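This report describes how the parts of one protein chain are arranged. Look at the sequence and the structure first, then read on.

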Amino acid sequence: MTTIDPRASLSDLTTTADRVRRAVESVIEGKPEVVRIALTVLLAEGHLLIEDVPGVGKTMLSKALARSIDCSVRRIQFTPDLLPSDITGVSVFDQQRRDFEFKPGAIFAQIVVGDEINRASPKTQSALLESMEERQVTVDGTTYELPSPFMVIATQNPVEMEGTYPLPEAQRDRFTARVSIGYPSPDSELKMLEMHGGASPLDDLQPVAHAREIVELIKAVRQVYVSEPVRRYAVTLVGATRNHPDLRLGASPRATLHLVRAARASAALDGRDYVLPDDVQTLAASVLAHRLLPTAQAQLNRRTPEQVVTEIVQRVPVPDPTAGSWPQPGAPGSRSR
């Protein structure tokens with residue numbers, strides 16, 4: 001039986017991920033941390049929610065990531081009149097065959113870009129639930145598998161914007177992470193005008209990785225070691241959101257799973273085959289905050305879920321590296337299960 005060197009897989013991962021990162025950053029100026037989270041979610045087999053005001057590059061980021069990978073891409077413009085069948089597909093009666101034929105919807109792609117997802121009705125938003133969680137679509141009693149890799153990158157405007165429908169809790173919980181791009185710095189904005197003032201930066205963007213490579217990288221990320229103290233640390237962090245006085249809804253067990261998966265991907269991007277508490281801490285706000293609902297009093301006090309998560313991270317004790325089984329850099333047994 002052939003033995004695969006996990007460190008060689010991680011070396012391939014960091015090389016390929018670096019190519020994708022540089023390609024995306026050639027379009028999105030001055031936001032390396034946002035690009036890294038997008039790559040982390042991709043390798044963690046998750047879905048990304050990008051929330052910000054119009055015009056800061058939400059759709060540009062999602063399209064840049066999609067075009068950097070040689071795979072099937074579909075874009076869905078969410079509008080109030082969009083139907084669930086437009087997303088999942090519909091069975092149409094074929095007069096010649098005298099039978100129903102399934103016409104796949106826009107969800108049948110490896111990367112699906114959902115633009116302004118909260119402008120569609122809740123009924124249409126719910127059409128994504130099965131595909132995002134189970135990577136399949138059921139229409140008229142028949143289940144259809146979705147391709148691999150599969151990732152939904154959705155953009156939304158803040159709920160205070162006119163003509164929006166807030167995403168329900170079950171929908172938000174299926175997104176691995178939420179990011180806000182924010183306004184660029186003056187230097188980044190000047191560079192954007194210089195480089196992209198005459199044409200769209202997406203026009204010259206070419207794929208730098210193939211879908212098969214991404215599938216192999218995802219398999220490599222699954223092998224990243226998470227020690228028992230780090231797993232317990234993630235569970236404690238998430239559990240602290242469920243009894244915090246400023247929250248009326250804490251994070252779900254799915255959030256714990258997403259947090260650990262994202263920490264694995266983050267460690268792999270750094271070339272490590274094991275997860276550190278720092279990986280969990282860095283991703284906690286992005287992975288947990290959008291799932292939390294503050295109490296009415298917390299809203300009056302202008303307490304945001306991000307602030308609550310930051311407070312929890314500061315309060316929960318970090319695992320002691322000297323206690324229990326803890327991987328050390330370069331240790332020969334660091335990958336033992």
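Helices and strands here are DSSP runs, a helix having at least four residues and a strand at least two, and they are numbered from the N terminus. The model is predicted.

**Two residues with positive phi**

Glu-45 is found in the loop that lies between helix 2 and strand 1. Its phi is near 60 degrees, a positive value in a residue other than glycine. Arg-302 also is not a glycine and has a positive phi, of about 60 degrees. Arg-302 sits in the loop between helix 13 (296-300) and helix 14 (305-315). Are these two residues buried or exposed? Glu-45 is partly exposed, with a relative accessible area of 24%. Arg-302 counts as exposed because its relative accessibility is 72%, and exposed means over 50%.

An open sheet is formed by 5 strands in the order 3-6-9-1-10, with parallel pairing. Strand 3 (73-77) and strand 10 (177-179) stand at the edges; each has a single partner strand, so one side of each has no neighbour in the sheet. From one strand to the next, the twist averages 15 degrees. Strand 6 (residues 111-115) and strand 9 (residues 151-156) run parallel and are joined by 4 bridges. In this pair, Val-113 stands opposite Ile-153 of strand 9.

| Helix | Strands touched | Angle between directions |
|---|---|---|
| Helix 2 | strand 1 (48-51), strand 9, strand 10 | about 160 degrees with strand 10 |
| Helix 3 (residues 58-67) | strand 1, strand 3, strand 6, strand 9 | about 165 degrees with strand 9 |

A cis peptide bond joins Ser-148 and Pro-149, with omega at about -5 degrees.

**Helix 2 and helix 11**

The axes of helix 2 (residues 32-43) and helix 11 (residues 253-269) come within 8 Å and cross at roughly 115 degrees. The crossing is right-handed. Helix 2 makes the contact with Arg-36, Leu-39, Thr-40 and Leu-43, and helix 11 with Ala-262, Ala-265, Ser-266 and Leu-269. By type, the contact residues are 5 nonpolar, 2 polar and 1 charged.

**The nonpolar cores**

Which residues have the most contacts inside the largest nonpolar core? They are Leu-48 and Val-280, in a core of 74 residues. Helix 11 gives the largest share of this core, 9 residues. Among the residues that Val-280 touches are Val-230, Tyr-233, Leu-259 and Ala-263. Another core, of 23 residues, lies apart from this one and includes Leu-82, Ala-109, Ile-117 and Ala-154.

Terms used. Residues are numbered from 1 along each chain as its sequence is written. This is a predicted model: local features need pLDDT of at least 70, side-chain atom pairs count only at pLDDT 80 or more; totals for chains, interfaces and linings use all residues. Side-chain values use heavy atoms; hydrogens and water are left out. Axes are lines fitted to C-alpha atoms, for helices over the stretch in contact, and angles run from 0 to 180 degrees between N-to-C directions. A crossing is left-handed if the near helix is turned anticlockwise from the far one by less than a right angle, and right-handed if clockwise. Contact means heavy atoms within 4.5 Å. Ala, Val, Leu, Ile, Met, Phe, Trp, Tyr, Cys and Pro count as nonpolar, Asp, Glu, Lys and Arg as charged, and the others, Gly among them, as polar. Two strands pair if DSSP finds at least two bridges between them. A nonpolar core is a set of buried Ala, Val, Leu, Ile, Met, Phe, Trp, Tyr and Cys residues joined through side-chain atoms within 4.5 Å. Buried means under 20% relative accessible area, exposed over 50%, partly exposed in between (1.4 Å probe, protein chains only). Lists of a residue's contacts leave out its neighbours within four places in sequence.
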